[in-house]
Amino acid sequence: MGSQPQGSDWRRILPGLAVSALSLGLVLYFADLHKLIEALRLADYRLVLLAVLVTLTWLGVRGLVWRTLLQNKAAYSTVFWT
């Protein structure tokens with residue numbers, strides 16, 4: 001299993017990159033950029049910070065749960081980032 005050609009990595013991730021680029025292109029094509037900029041100016045960034053904190057807390061709890069399910073055989077950092 002260890003000796004795969006370097007080009008196979010690109011072939012493996014290319015479909016995901018293509019779908020992401022197409023999706024981003026469609027969003028930018030159909031979005032009203034002036035309304036988007038105005039909405040960003042009016043946004044309450046305290047709520048964004050709260051959402052980031054809640055998300056990180058949830059990811060931490062989820063990592064603990066998965067580590068328990070794996071009977072502590074994986075490092076917490078590995079489970080968290082995975």
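The protein chain averages a pLDDT of 90, pLDDT being the predictor's confidence in each residue, from 0 to 100. At least 70 is the score of 91% of the residues. Confidence is lowest in helix 1, at a mean of 90, and highest in helix 3, at 96. Helices here are DSSP runs of H or I with at least four residues, numbered from the N terminus. Where pLDDT is low, the predicted coordinates should not be read in detail.

A word on conventions. This is a predicted model, in which local features need pLDDT of at least 70 and side-chain atom pairs count only at pLDDT 80 or more, while totals for chains, interfaces and linings use all residues. Residues are numbered from 1 along each chain as its sequence is written, and side-chain values use heavy atoms, with hydrogens and water left out.

Leu24, Leu28, Leu33, Leu36, Leu40, Tyr45, Val48, Val52 and Leu56 make a nonpolar surface patch of about 840 Å². Two or more residues each are given to this patch by helix 1 (7-30), helix 2 (33-42) and helix 3 (45-69). Helix 3 supplies the largest share, 4 residues. To belong to a patch, a residue needs over 30% relative accessible area and no salt bridge; nonpolar side chains (Val, Leu, Ile, Met, Phe, Trp, Tyr) are joined within 5 Å, like charges within 9 Å. A salt bridge is a side-chain nitrogen of Lys or Arg within 4 Å of a carboxyl oxygen of Asp or Glu. Accessible areas come from the Shrake-Rupley method with a 1.4 Å probe.

Leu24 has its place in helix 1. Is Leu24 buried or exposed? Leu24 is exposed, at a relative accessible area of 52%; buried means under 20%, exposed over 50%, and partly exposed in between.

Finally, the aromatic rings. Rings of Phe, Tyr and Trp (its six-membered ring) pair if their centres lie within 6.5 Å; planes under 30 degrees apart are stacked, over 60 edge-to-face, and the rest tilted. The count comes to 3 aromatic pairs. One of them, Tyr76 with Phe80, is tilted, at 6.1 Å centre to centre and 35 degrees between the planes. Both residues lie in helix 4 (residues 76-81), 4 residues apart, about one turn of the helix. Phe80 and Trp81 form an edge-to-face pair, at 5.0 Å and 90 degrees.

How values were computed: Buried means under 20% relative accessible area, exposed over 50%, partly exposed in between (1.4 Å probe, protein chains only).
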